[in-house]
Amino acid sequence: MKEIRKKGMLLFAALIFVSLGWGTRTALANSSSGTEGSHENNVSIYIAGDSTASYYGEDRAPRTGWAQVLDPMFDKKIVVQNHASSGRSSKSFIDEGKLDNILAEIKKKDYLFIQFGHNDSKSSDPARYTEPFTTYKSYLKQYIDGAREKGAIPVLLTSVERRGFTEDGQAKRSHGEYPEAMKQLGSEEQVPVIDMSERSIDLYNQLGPEGSKDLFMWFAEGEHPNYPEGVSDNTHFQENGAKQIAELVAEEVYRLKLPLLHSHLSKELKMKFSY
């Protein structure tokens with residue numbers, strides 16, 4: 001009788017051990033598949049651009065790129081991968097291997113947002129200069145082709161305008177033929193175009209010559225510890241300006257109904273844009 005009871009207890013212990021082991025493996029499997037599933041369901045927006053979009057650390061604060069603050073415009077299913085780099089043109093970004101870095105990571109159904117133009121116009125610098133309707137378009141097409149080869153979705157964004165006003169207080173355009181060349185390429189390649197040149201001009205006109213300074217790096221001497229001598233920068237945004245520009249980008253995502261993106265805008269923005 002004791003032998004039977006002993007065997008029964010050993011069998012019971014073995015069953016508990018197997019059950020616990022199976023439960024642990026199941027939990028680990030569920031955890032792993034949950035993580036992988038979550039990763040697979042995320043859509044990344046890769047940013048290829050210049051200093052107006054790039055990331056800045058605390059030592060440059062409050063200077064902020066618009067892509068640096070784009071992530072909070074979406075829910076957690078959308079991840080912004082900001083590869084924008086200060087001083088780059090559509091040409092130099094490729095020549096330095098930065099597009100290759102993006103294409104090594106980007107996956108099917110991700111997005112590639114492409115915004116260049118500020119530095120393409122620097123005719124005195126052959127490492128960066130492109131001509132609007134020829135080399136500029138040919139370099140931009142490399143981004144489009146590269147994204148499509150990986151099953152990703154390219155989107156062109158015309159450059160945000162620099163801050164500048166005419167004598168009668170109207171915002172001036174600062175990028176010549178580059179925005180038109182980009183829009184022409186978008187039409188030829190059937191790529192969505194977000195016209196940030198137009199949207200930013202409208203914003204500057206709404207705010208006027210003085211109000212628009214609050215978008216940019218305008219600080220008097222002693223006003224900010226990172227810029228003790230003051231700064232008057234009509235190209236780069238402070239955090240307030242970057243957020244407003246990023247919201248304009250998000251609004252265009254909503255207006256164009258970009259698949260996999262527009263439905264994942266934050267609830268607050270979807271309510272705001274639906275009015």
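Ground rules, quickly. Residues count from 1 along each chain as its sequence is written, and side-chain values use heavy atoms, with hydrogens and water left out. Because the model is predicted, local features need pLDDT of at least 70 and side-chain atom pairs count only at pLDDT 80 or more, while totals for chains, interfaces and linings use all residues.

Confidence comes next. The protein averages a pLDDT of 88, and 85% of the residues score at least 70; pLDDT is the predictor's confidence in each residue, from 0 to 100. Over residues 1-39 the pLDDT is below 50. Beyond near neighbours in sequence, that stretch has 1 contact in the model, a contact being heavy atoms within 4.5 Å. Where pLDDT is low, predicted coordinates should not be read in detail.

Now the inside. The largest nonpolar core has 41 residues. Such a core is a set of buried Ala, Val, Leu, Ile, Met, Phe, Trp, Tyr and Cys residues joined through side-chain atoms within 4.5 Å. Buried means under 20% relative accessible area, exposed over 50%, and partly exposed in between, using a 1.4 Å probe and protein chains only. Which members touch the most others? They are I47, W66, L70, F74, F113 and L261. Strands β1 (43-49), β2 (78-82), β3 (111-115) and β4 (153-157) each supply at least two core residues, and so do helices α6 (196-211), α7 (239-256) and α8 (267-273). Helices (H or I, at least four residues) and strands (E, at least two) are DSSP runs, numbered from the N terminus. The largest share, 8 residues, comes from α7.

Take W66. Leaving aside neighbours within four places in sequence, W66 contacts I47, T52, A53, Q115, L157, A242, I245, A246 and V249. There is also a second, separate core of 24 residues, including A48, I106, F116 and L140.

Stay with α7. At 1.5 Å a residue, its 18 residues should span 26 Å, and the end C-alpha atoms are 26 Å apart, which agrees. The expected span is 1.5 Å times one less than the number of residues. Buried residues of α7 include G241, L248, A250, V253 and Y254. What covers the buried residues? The cover includes β3, β4, β5 (193-194), α6, β7 (231-237) and α8. After α7 comes K257, with a positive phi near 50°.

Last topic: charge. Side chains of opposite charge can pair when their charged atoms come close. How many salt bridges does a search of the whole structure find? It finds 15. The criterion is a side-chain nitrogen of Lys or Arg within 4 Å of a carboxyl oxygen of Asp or Glu.

R173 and E198 meet at 3.0 Å, N to O. R173 lies in the loop between β4 and α5 and E198 in helix α6, so the pair ties together parts 25 residues apart in sequence. E198 is partly exposed, at 31% relative accessible area.

E247 and K272 meet at 2.3 Å, N to O. This pair links distant parts of the chain, from α7 to α8, 25 residues apart. K272 is partly exposed, at 48%.

R255 bridges to E252, with the closest N and O atoms 2.7 Å apart. Both lie in α7, 3 residues apart, about one turn of the helix. Is E252 buried or exposed? E252 counts as buried, at 5% relative accessibility. R199, E251, E252 and R255 are linked in a network of salt bridges.
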